[in-house]
Amino acid sequence: MLSAMPKPSPRFHGVWQLDPSTLDYQFGRPGRRAIYTIRPLPEGLEFTLDADDADGVPMHHVYGGALDGVDYPIAGRPMTLSMDCLDERTVESVLRKDGVVLDRWTRTLEPDGNTMVIRQHGIKPDGQIFTNSGVYRRVSEK
């Protein structure tokens, strides 16, 4: 008998702001701004990121999809994204190009429901491997 895939807690939904004092970032600058908005989709989740990149340039990304671990093409880019619910408190996203993992994010909701830890592992365009993490605080449930 197959067990049902875990679903993330609806407590993930809302707007989350990075506490810059918690950023453990291997490159870039301190004090980075990052805000995630997480919304439910019929088949999974949508993540919107409004942030400054490592050079301080503003960026805006929207991505999402089903929580089933299947790779979905990213429109206009030669990459795919998969999302998987590891348990009700942890969602993993994996970005691939030509089958090679470029980035892997885990978002873990802490027991208080108002704190989320995001950990990222990836490869920069020059081939350098990096990791970073940060603590995000909920600023809105919408």
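**Close-up views of a predicted model**

View 1. Thr 48 is buried, with a relative accessible area of 13%; buried means under 20% relative accessible area, exposed means over 50%, and partly exposed lies in between (1.4 Å probe, protein chains only). Keep in mind that this is a predicted model, in which local features need pLDDT of at least 70 and side-chain atom pairs count only at pLDDT 80 or more, while totals for chains, interfaces and linings use all residues. Residues are numbered from 1 along each chain as its sequence is written, and side-chain values use heavy atoms, with hydrogens and water left out. You will find Thr 48 in strand β4; strands (E, at least two residues) and helices (H or I, at least four) are DSSP runs, numbered from the N terminus. Which residues is Thr 48 in contact with, leaving aside neighbours within four places in sequence? They are Ile 35, Tyr 36, Thr 37, His 60, His 61 and Val 62, where contact means heavy atoms within 4.5 Å.

**View 2. The largest pocket.** This pocket has a volume of about 1000 Å³. On a 1 Å grid over the protein atoms alone, a pocket is an open set of points where a 1.4 Å probe fits, with protein on both sides within 12 Å along at least five of seven lines; lining residues have an atom within 4 Å of a point. Grid points are joined across faces, edges and corners, and the volume is the space filled by probe spheres set on them. The lining has 38 residues, and nearest the centre lie His 61, Leu 95, Asp 103, Trp 105 and Gln 120. Several strands each give at least two residues to this lining, among them β4 (44–52), β9 (100–109) and β11 (129–140). By class, there are 25 nonpolar, six polar and seven charged residues. Here Ala, Val, Leu, Ile, Met, Phe, Trp, Tyr, Cys and Pro count as nonpolar, Asp, Glu, Lys and Arg as charged, and the others, Gly among them, as polar.

**View 3. The second largest pocket.** Now look at a pocket with a volume of about 220 Å³. It is lined by 13 residues, and Lys 7, Pro 8, Glu 43, Gly 44 and Leu 67 are the closest to its centre. Its lining divides into eight nonpolar, two polar and three charged residues.

View 4. The whole structure holds five salt bridges, each a side-chain nitrogen of Lys or Arg within 4 Å of a carboxyl oxygen of Asp or Glu. One of them joins Asp 19 and Arg 137 at 3.6 Å, N to O. Asp 19 sits in the loop between β1 (14–18) and β2 (24–25), and Arg 137 in strand β11, so this pair links distant parts of the chain, 118 residues apart. Arg 137 is partly exposed at 36%. Another joins Asp 52 and Arg 33 at 3.2 Å, N to O. Asp 52 is in strand β4 and Arg 33 in the loop between β2 and β3, so the pair ties together parts 19 residues apart in sequence. Is Asp 52 buried or exposed? Asp 52 is buried, at 12%, while Arg 33 is partly exposed, at 33%. Glu 46 and Arg 39 also meet, at 2.8 Å, N to O; Glu 46 is buried at 17% and Arg 39 partly exposed at 41%.

**View 5. Pro 73 and its surroundings.** Pro 73 belongs to strand β6 and is exposed, with a relative accessible area of 70%. Not counting residues up to four places away in sequence, Pro 73 touches Met 79 and Thr 80.
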